[in-house]
Amino acid sequence: MTEGGELGMPSEDVETLAAGALDWMIGAGAAAGEAADHSLYGGGAGIVLALLEAQHHFGADRYGDAARRGAAVLAASVEKGGEDGGGSGGGSGGEQDCSLYFGLTGTAVALRAVHARLGDPAADRAATRALDRVRSRFDGWRWGPMFELLFGNAGIALGALHAGDLDLAVLAVQPYLATADPTDGGVNWAVRPSPARSHHLAHGTLGIVYALAAVGVAAGRDDLIALARQGAADVVSRDEAGPAGFLVPHSDPPHRPDLIERYSYGWCNGPAGDAQVFRLLGALTGDPAWSVLADRCWHTVTGSGLPRRVRPGFWDNNGRCCGTAGVLALACDRHVEQGEPLGFARVLVDDLSSRASVDAAGVRWSNHEHRATPSTLEPHAGWAMGNAGIVRELLRFARITSGADPAYAVPWPDHPQATPRSR
């Protein structure tokens, strides 16, 4: 039995699982940033942030030392000016990319965090150079064909705000004022070079809403906040699961329907991520209507059947972006802020434990692709689909269940910090 009489893994077992995952990351060389991918999404920047969480949680120098090594590789990649590429995920690649999740902005976020946590002035200087390069590549409207959070302006704005560059953050969101298209429900934006309008956090309207709201409050810009409300209103008008739930399609008209599910439930394109935007809007505005929407998202997530693999392609990912770890983050947020029982969080942790591969090299997770042969994919070290994102959430869960401080060592640019409820 554990906290509140609920069954589940004891916090020390969760810590052991996370420590094994860190061992695998460090042993694979990924922690030192030796792979070509330096990105926040799947490469060195995201791994460095997971190592900072581990150093904070365990108080062990080996994790801080590994984070320093990773930061040195990231700093060197900034000095190269993008000549060697190094990113992934469909953008222009590596340091030639300026985005939060695949380029220089994410690199700056990680470097600044290393300086803040470990006192590394070289990392801080490299972060400044990275952001200066991002600013220099702005064409007055955008940095590339994508115009959303993972690849585009919204993510760059959030990363710049997180790294302490408010001017760059405002520069990045300003174009959304002139490019918003009125809809029956509010406004949305053309986020990719195709007709589809996406609605969720990673690639759509809600990711832009998050950036507009966060930057608007930081800069004292009521026009940005008002536009954020209009964007959120458009998405709310598309809900197909009310009044108790909340479920909005991926995009309209459907973007690549041969490959992309019409409805998802995770952080990137589903109610687990939508709820994070509503949490932010509730915290910034004090309007309880946003908390009601977040509750409706939670109702849909917990009633969807996940983390069970109810059919091929339904729930095949363990990771933070579109899998179980991202839902665990929301479950823990709700526990901290609202006293939500940890029962569903424990189901998620137990599922992650059951799907882990454990051997002498450590712990890692493989995702599944039912359309490929073989269907079991190679394990990843990074944040979105692999160990780094899972470790971060397991360690937070362990702190919560042991009564320790539930705060992250390093907040994430697009994840609102959870404020403990008044007791």
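The buried residues of helix 4 pack against helix 2 (44-58), helix 3 (61-79), helix 5 (121-136) and helix 6 (153-162), where buried means under 20% relative accessible area, exposed over 50% and partly exposed in between, with a 1.4 Å probe and protein chains only. Helices (H or I, at least four residues) and strands (E, at least two) are DSSP runs numbered from the N terminus, and contact means heavy atoms within 4.5 Å. This is a predicted model, in which local features need pLDDT of at least 70 and side-chain atom pairs count only at pLDDT 80 or more, while totals for chains, interfaces and linings use all residues. Residues are numbered from 1 along each chain as its sequence is written, and side-chain values use heavy atoms, with hydrogens and water left out.

**Helix 4**

- Helix 4 (residues 104-118) has 15 residues and reaches 21 Å from its first C-alpha to its last, close to the 21 Å expected at 1.5 Å a residue, the expected span being 1.5 Å times one less than the number of residues.
- Helix 4 is mostly covered, with 12 of its 15 residues buried, and among them are L104, V109, L111, R112 and L118.
- Just after helix 4, G119 takes a positive phi of about 65 degrees.

**Helices 11 and 13**

- Helix 11 (271-285) has 15 residues and reaches 20 Å from its first C-alpha to its last, close to the 21 Å expected at 1.5 Å a residue.
- In helix 11, 12 of the 15 residues are buried, including P271, D274, F278, R279 and L280, and what covers the buried residues includes helix 9, helix 10 (222-236), helix 12 and helix 13.
- Helix 13 (324-338) also has 15 residues and reaches 21 Å from its first C-alpha to its last, close to the 21 Å expected at 1.5 Å a residue, and 13 of its 15 residues are buried.

**Pockets**

- On a 1 Å grid over the protein atoms alone, a pocket is an open set of points with protein on both sides within 12 Å along at least five of seven lines, for a 1.4 Å probe, and its lining residues have an atom within 4 Å of a point.
- About 1300 Å³ of space lies in the largest pocket, and of the 39 residues that line it, the closest to its centre are L259, I260, C322, R371 and M385.
- The lining of the largest pocket has 17 nonpolar, 13 polar and nine charged residues, where Ala, Val, Leu, Ile, Met, Phe, Trp, Tyr, Cys and Pro count as nonpolar, Asp, Glu, Lys and Arg as charged, and the others, Gly among them, as polar.
- The second largest pocket holds about 510 Å³ of space, and of its 24 lining residues, the closest to its centre are Y210, L280, A283, P416 and Q417.
- Helix 6, helix 9 (205-219), helix 11, helix 12 (288-303) and helix 13 each supply at least two residues of the lining of the second largest pocket, and helix 11 gives the most, with six.
- By class, the lining of the second largest pocket has 15 nonpolar, seven polar and two charged residues.

**Two buried residues**

- S251 belongs to strand 4 (residues 251-252) and is buried, with a relative accessible area of 2%.
- The side chains of S251 and H250 are joined by a polar contact of 2.8 Å, meaning a pair of N or O atoms within 3.5 Å, of which, within protein, one must be able to donate a hydrogen and the other to accept it, and residues adjacent in sequence count only if both atoms are side-chain atoms.
- Leaving aside neighbours within four places in sequence, S251 is in contact with A196, R197, S198, H199 and R262.
- V191, found in the loop between strand 2 (187-188) and strand 3 (197-198), is buried, with a relative accessible area of 0%.
- The C-alpha atoms of V191 and H203, 12 residues apart along the chain, are separated by 7.1 Å, and H203 is one of the residues that V191 touches.

**Backbone features in loops**

- Most residues other than glycine have a negative phi, and most peptide bonds are trans.
- R256 has a positive phi of about 50 degrees although it is not a glycine; this residue lies in the loop between strand 4 and helix 11 and is partly exposed, at 47% relative accessibility.
- The peptide bond from G242 to P243 is cis, with omega near 5 degrees, and P243 is in the loop between helix 10 and strand 4.
- The peptide bond from L306 to P307 is cis as well, with omega near 10 degrees, and P307 lies in the loop between helix 12 and helix 13.

Definitions and conventions
Grid points are joined across faces, edges and corners, and a volume is the space filled by probe spheres set on the points.
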